[in-house]
Amino acid sequence: MFDKIEMAPADPILGLSEAFKADPNPEKINLGVGVYKDANGATPILACVKAAEERLAKEETTKGYLPIDGDGRYGAHVQKLLFGEGSEIILSGRAATSHTPGGTGALRVAGDFIKANLPGAKLWVSDPTWANHAAVFGAAGVEVKKYAYYDAASSGLNFEGMIESLKTIDAGDVVLLHGCCHNPTGVDPTLQQWTQIAAVVAEQGGIPLVDFAYQGFAEGVLEDSVGLHEVANANKELIVCSSFSKNFGLYNERVGALTIVAKDADEAKKVQSQVKVTIRRNYSNPPCHGGAIVRTVLDDEGLSKQWLDELAAMRDRINGMRTSLTRELDSRGVKLNPAGNGFIAGQRGMFSFSGLTKEQVGVLKAEHSIYIVGSGRINVAGITENNIARLCDAIAAVTQAAV
């Protein structure tokens, strides 16, 4: 039955990791997959996570199924992180949260929900966006369109183009916005720009879907939610897909959440009933352990403070490497943008849209064992004091080579 099946192409991001593992070069560098690395190049387990796991090991009494939408206490913590304790959205009961298998799981449940309950709705994504967005929503049967976002000439936001694009969406369409630390560019709107974006989506009758995978990696947990708050202020209905992979380091536990905000509590209950139908026919109910870790940490004042401190340390290391990368490239006479390399330090989060071409990325891989996504997206968290000189030497060799 399977003799006509052909080999599928490798995933553009995860496939890089497979090629990296097979590379025998001891000095190879992986700047592809979006995973945090510490100064030693390792993906650490946070101390607060270890403490929570020890507590769970002692106190856990069952491995029984969770409800379809997960543990209510976990959901309550998700809403507080998104909207702030005491938010009108929370107090009025307008939000319903489901614990999902990672942020990707939240996106897929959202896609299935949109297809089943918002017939004809198109999904608009930024150009560019995370490589998997179109695949996830396309698999759910949702038509995907693009709105202008990135300006290659300035290595910044094409805000005017973005606004003009958003003015073309139809009422009922869904607009996917990156809550912070835009993937892949690292370029975020300002607060004033967020206000205008939120207003245009509302005026067009669109439904915002905020992909919020990196909360805490730009400026702080509260500071990074200001864009989401502007969207929520202008739009009574919205969807939020969030993740704890990055800010808790819980990559392999697959801990995410889908939160839908409705006009009132009664509508929220109806919406959640349909979300639960979607989940039931997909994976039935979420895994427990990762969500229990998050709940345990956020239930405890001491562990919560420890988490915020550890998150700040990760954020500070990434920002420090942005500064170092800019300095090292400058010292070698490399200009990834004609205006200079200052844009690297101005970007936020784990990623930098470097300006490297697909051909240059290919040479870096083939000749220097440096693995970068074909778009030129660099995972800044993969850069360390031990590999930055070699990285910048290789970038200099590739960009300064005779054409």
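Two exercises on a predicted model follow, each with a worked solution.

Residues are numbered from 1 along each chain as its sequence is written, and side-chain values use heavy atoms, with hydrogens and water left out. In this predicted model, local features need pLDDT of at least 70, side-chain atom pairs count only at pLDDT 80 or more, and totals for chains, interfaces and linings use all residues.

**Exercise 1.** Find which residues of helix H10 are buried, and which exposed residues its opposite face carries.

*Solution.* 
1. Locate H10: residues 265-280. Helices are DSSP runs (H or I, at least four residues), numbered from the N terminus.
2. Apply the cut-offs: buried is under 20% relative accessible area, exposed over 50%, partly exposed in between (1.4 Å probe, protein chains only).
3. Ala268, Val271, Gln272, Val275, Thr278 and Ile279 are buried. They lie on the same side of H10 because they cover an arc of only 110° around the axis. The arc is that of the directions from the helix axis to the C-beta atoms.
4. The face turned away from the buried side carries the exposed residues Lys269, Lys270 and Arg280.

**Exercise 2.** Describe the salt bridge between Arg390 and Glu27.

*Solution.* 
1. Recall the rule: a side-chain nitrogen of Lys or Arg within 4 Å of a carboxyl oxygen of Asp or Glu.
2. Check the distance: the closest N and O atoms of Arg390 and Glu27 are 3.5 Å apart.

Note on methods:
Helix = DSSP H or I, 4+ residues; strand = E, 2+ residues; numbered from the N terminus. Expected span 1.5 Å × (residues − 1).
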